[in-house]
Amino acid sequence: MTKILIIYTGGTIGMVNDAKTGFLIPFDFEQIKDNVPELARLDYQLSVHSFNPIIDSSNMHPEQWKVLAELIESNYEEFDGFVILHGSDTMSFTASALSFMLKNLAKPVILTGSQLPIGEIRTDAKENLITALEIAATKSKGKAVVPEVCIYFDNQLFRGNRSLKYNTEKFEAFRSPNYPILAEAGVQLTFFHKEILPVPTEAFYIQTEFDANIGVLKIYPGMTEEVVYAVTRSKVKAIVLETFGSGNATTVKWFTDALAEAIENGKHIVDISQCKRGSVQLGMYETSSELKKMGVISGYDMTFETAVTKFMYLMGANLTTEEIRRQMETPIAGELTN
């Protein structure tokens, strides 16, 4: 029988209405089949591990990412796949982080959640959970069809490190603007195999050290020297620079001097676009050629969530400056196209 481990971290999906108080409270996921009787028809052997205490996804930090990676590692041989129930607000950060931490992953790790609690009549929670389990269980010729970290939400399966949350009001909460979806759940569950990472042949292991000393500098017309230097002269080790269009920024001298000074002082700077769709192309326009010359790293089409977590991951690995630069510009888990 197919064995799936459900890891419940918290979030809307696990909430039910308390009849006495009217407030939303988490239900006991150990009795998940009582709350979602449809699961019995899947004929899977389900085990549940709940965080104690459960956490709102706004409180998700690298320490919890490490717990998740270690849980998967310790149960890796026993289970065919893993489903992580997670609040939607930071789900893309967690999925991105796990994609870097879980090395040579040959089994599905599917994150899902919901916009409405599982106890609501119109909830999206049941469908998201059931289909996430089906995806985690799907094999072909004895191997997982989706051997990577993914997000399943509202009938679509996304590569985790390509996803972002873009809507708080609709069931269609996530998008993958720069990479195709991996599967679609309609009348049938359809996988788009050419978009899915191949099953690795080397042994699975985890790398869990993160350095969260990262700064973010989002540029805008009229920003002042004080704002820029507050980031570039801070004690951060790396900076995610959110620029215009295909990587463009102002060429005013004090701004380029601030970035150059930060790089000279050993800080790494990666350039990603404020646009959700498209890629950074450093040097394509005069307004980005100076960034390229001074050694700003191209983030290509990485999402903000991925740029942040990848920096944390690489900084935690104690790599050389050149190796960090090389790996930031190279896909290591399908997170960018260069």
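Which residues does Val 109 touch, not counting residues up to four places away in sequence? In this predicted model, Val 109 is in contact with Ile 72, Phe 82, Ile 84, Leu 102, Glu 148, Val 149 and Cys 150.

**Nonpolar cores**
- The largest nonpolar core holds 52 residues, and the members that touch the most other members are Ile 72, Leu 98, Leu 102, Val 109, Leu 111 and Phe 311.
- Helix α8 (residues 304–316) provides the largest share of this core, with seven residues.
- A second, separate core comprises 36 residues, including Leu 46, Ala 125, Ile 130 and Ile 135.

**Val 149 and its surroundings**
- Strand β10 spans residues 149–153 and contains Val 149.
- Val 149 has a relative accessible area of 4%, and because buried means under 20%, this residue is classed as buried.
- Beyond residues up to four places away in sequence, Val 149 touches Ala 95, Leu 98, Ser 99, Leu 102, Leu 105, Val 109, Leu 111, Arg 159 and Gly 160.
- The C-alpha atoms of Val 149 and Gly 160 are 5.5 Å apart in space, while the two residues are 11 residues apart in sequence.

**Helix α2**
- Helix α2 (residues 62–75) has 14 residues, which at 1.5 Å a residue should span 20 Å.
- The buried residues of α2 are Pro 62, Gln 64, Trp 65, Leu 68, Ala 69, Leu 71, Ile 72 and Asn 75.

Notes: Residues numbered from 1 in each chain as written. Predicted model: local features only at pLDDT ≥ 70, side-chain atom pairs only at ≥ 80, totals over all residues. Heavy atoms only, no water. Helix = DSSP H or I, 4+ residues; strand = E, 2+ residues; numbered from the N terminus. Buried < 20%, exposed > 50% of the residue type's maximum accessible area, 1.4 Å probe, protein only. Contact = heavy atoms within 4.5 Å. Expected span 1.5 Å × (residues − 1). Core = buried A, V, L, I, M, F, W, Y, C linked by side-chain atoms within 4.5 Å.
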